[in-house]
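Subject: Structure handover

Hello,

The structure is passed on to you below. My notes on it follow.

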Amino acid sequence: MSTFFCSTSLLLWVSCFAAFWISDRERLATLSLLQVLFALPLLAGLYVFVAGQKDDLQIVQLMLVGEILFVIVWLGLAYRLAKVAGRSVSEPRFFPLAQCVLGGVCLILLYYARVWRPTIHVTDVGVAIYPFGPAYFHAIFLLAGILFAAWQLEIFWRTLEPGKRWAYRFIVAGGLVVCGALGWAASYRLTYSRLAADHFYLLSGLLLVAWAFMGYATARYKLLNRKIFISRKIVYSFIAPTVFAVYLIALGVVSLLIKTFGLDLPFVLFWMAIVSGAIAAGLFLLSDRFRRRVMFFISTHFYVNKYEYRDEWLALSALLKGAQTEAEVVNALQKVLVDSLYTSRIVIWTGDGEQGYRVIFAEPPLDELPSGEKPGDGGPTESTRDRRLAPDDPLVLYLADRSCLNLQEKTSDTSMDREQQAVVAEKSSFLSEMGIVLMAPISIGEHLVGLIGLGPEFTGGKYGHDDYDLLMALGSQTAAALVAVRMAEELAEARERRAWDRLSAFVLHDIKNAAT
């Protein structure tokens, strides 16, 4: 354990040299944030290890030196955050130099802590600290560094623009937890001249809570300058293995704690817990609705956009590549919509401004399907042919020059919203019967060739601009394909008609000659 801690501390110290090649203050703050996110769980784990090996004084001394190294990194984050909020042009060059020098001193102390004579001793109430010894001055340095960091965090929060505070509130909250925990620990050591073993578990828990706050803020509000991007497909593919791995790790930690405290875990209970976790993971893999909810949570909380527009566009392009009929085009559109949207109700109309628009796809079927017809095959059913929309239908007229009709959106007293309210009031029974809360046009230019109707999201969320953008992109691409297919069909019919006319003219000419 001591070798692992020394190795990770070396990596942390080496990362401090990157500040010499970075001049931008925001990138320096990002570097310090990454260092703290790396150091927090490391120090928390060291506290847990020391609590179990409190009689080994060399391990305790390693922990003391590790605290100094963490305080150096923590001071860098607090100082650079204050510089960012204060809009300072750049930080003085002596600051990263001081960090590297102090970090090198800590590494030297880490090496000698494994061989020097301990300056602390074990008592019945804990590890005693010699008055005015190295551990005593260590506590003074720890307290002073934490107070300075808290002061810098207060400056950062006070000078931060009100519009940006919502993104950094968890960072500041986690920072206050760290300052409070380590400040309390340093004050206790100076007051009672000892280190209580029970405090190490508490300190570890508080540091992990702070790490969770800061990690959530970093991932949720993209505080790393958005330079790191992980594909959604990779994240989705790792959901189930990660959940199962976390479950096994938690089970192993519980077993380790039970053995540490001398308790006995029954054999049947242990394997029942393992089997229950395996069953839960299997249900997660088999439940499409639950997996979609997890994907929705990840897409809306950890990504800028709700959808990966490029993937949906490429998927539709690939499906449209071999489409030669209108049914094949609609079938390609419905496959992309089913895979990307978080709703169980999708209805697609196609048609034109002369004959109206008919339902060509409904998922799930609006009513019972006729025997022998499969749901989702892209064809209309007997029960959906009466859901036609006339060319002068209010929904058609409204969506002819609009991007969408959202029944969940709040409307105001403007002329556009009054028109929407009138359309919704007139077609409310039709929309409720169809189970639709959002409609979007399939159009290209001024040509309306179809309509898309969506039911409410099964996640409980509401449709927004991300959904409008996706439907607009897919609708325009599908409209272009439908227009091309229809023009190809009209061209084929025109060629057939021309061939028939030629044949008729040839036959009539021969008949006239024969009659003559």
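Is Asp-469 buried, partly exposed or exposed? Asp-469 is partly exposed, with a relative accessible area of 36%. Buried here means under 20% relative accessible area, exposed means over 50%, and partly exposed is in between (1.4 Å probe, protein chains only). Asp-469 sits in helix 17, which covers residues 465-515. From Asp-469 to Ser-403 the sequence separation is 66 residues, while the C-alpha to C-alpha distance is 8.9 Å.

On provenance: this is a predicted model, in which local features need pLDDT of at least 70 and side-chain atom pairs count only at pLDDT 80 or more, whereas totals for chains, interfaces and linings use all residues. Residues are numbered from 1 along each chain as its sequence is written, and side-chain values use heavy atoms, with hydrogens and water left out.

Overall, the chain has 17 helices and eight strands; these are DSSP runs numbered from the N terminus (helices H or I, at least four residues; strands E, at least two). Of its 516 residues, 42% count as buried. Taking contacts (heavy atoms within 4.5 Å) between residues at least 6 apart in sequence, 71% join residues at least 24 apart.

Next, a helix pair. Helix 6 (residues 165-192) packs with helix 7 (residues 197-220) at an angle of about 165°, their axes being 7 Å apart. That makes the two helices roughly antiparallel, a label for angles over 145 degrees. Axes are lines fitted to C-alpha atoms over the stretch in contact, and angles run from 0 to 180 degrees between N-to-C directions. The contact of helix 6 with helix 7 has 20 nonpolar, three polar and one charged residues. Ala, Val, Leu, Ile, Met, Phe, Trp, Tyr, Cys and Pro count as nonpolar, Asp, Glu, Lys and Arg as charged, and the others, Gly among them, as polar. Residues in this contact include Trp-184 and Arg-189 of helix 6, and Phe-200 and Met-214 of helix 7.

Last, the cores. A nonpolar core is a set of buried Ala, Val, Leu, Ile, Met, Phe, Trp, Tyr and Cys residues joined through side-chain atoms within 4.5 Å. The largest has 59 residues, of which Met-63, Trp-74 and Met-214 touch the most other members. Helix 3 gives the most to this core, with 17 residues. Beyond its neighbours within four places in sequence, Met-63 is in contact with Leu-46, Tyr-47, Val-50, Arg-189, Leu-195 and Phe-200. Another core, of 36 residues, lies apart from the largest one, and Tyr-342, Ile-346, Cys-404 and Leu-470 are among its members.

Regards

Definitions and conventions
Angles under 35 degrees count as roughly parallel, over 145 as roughly antiparallel, 65 to 115 as roughly perpendicular and the rest as oblique.
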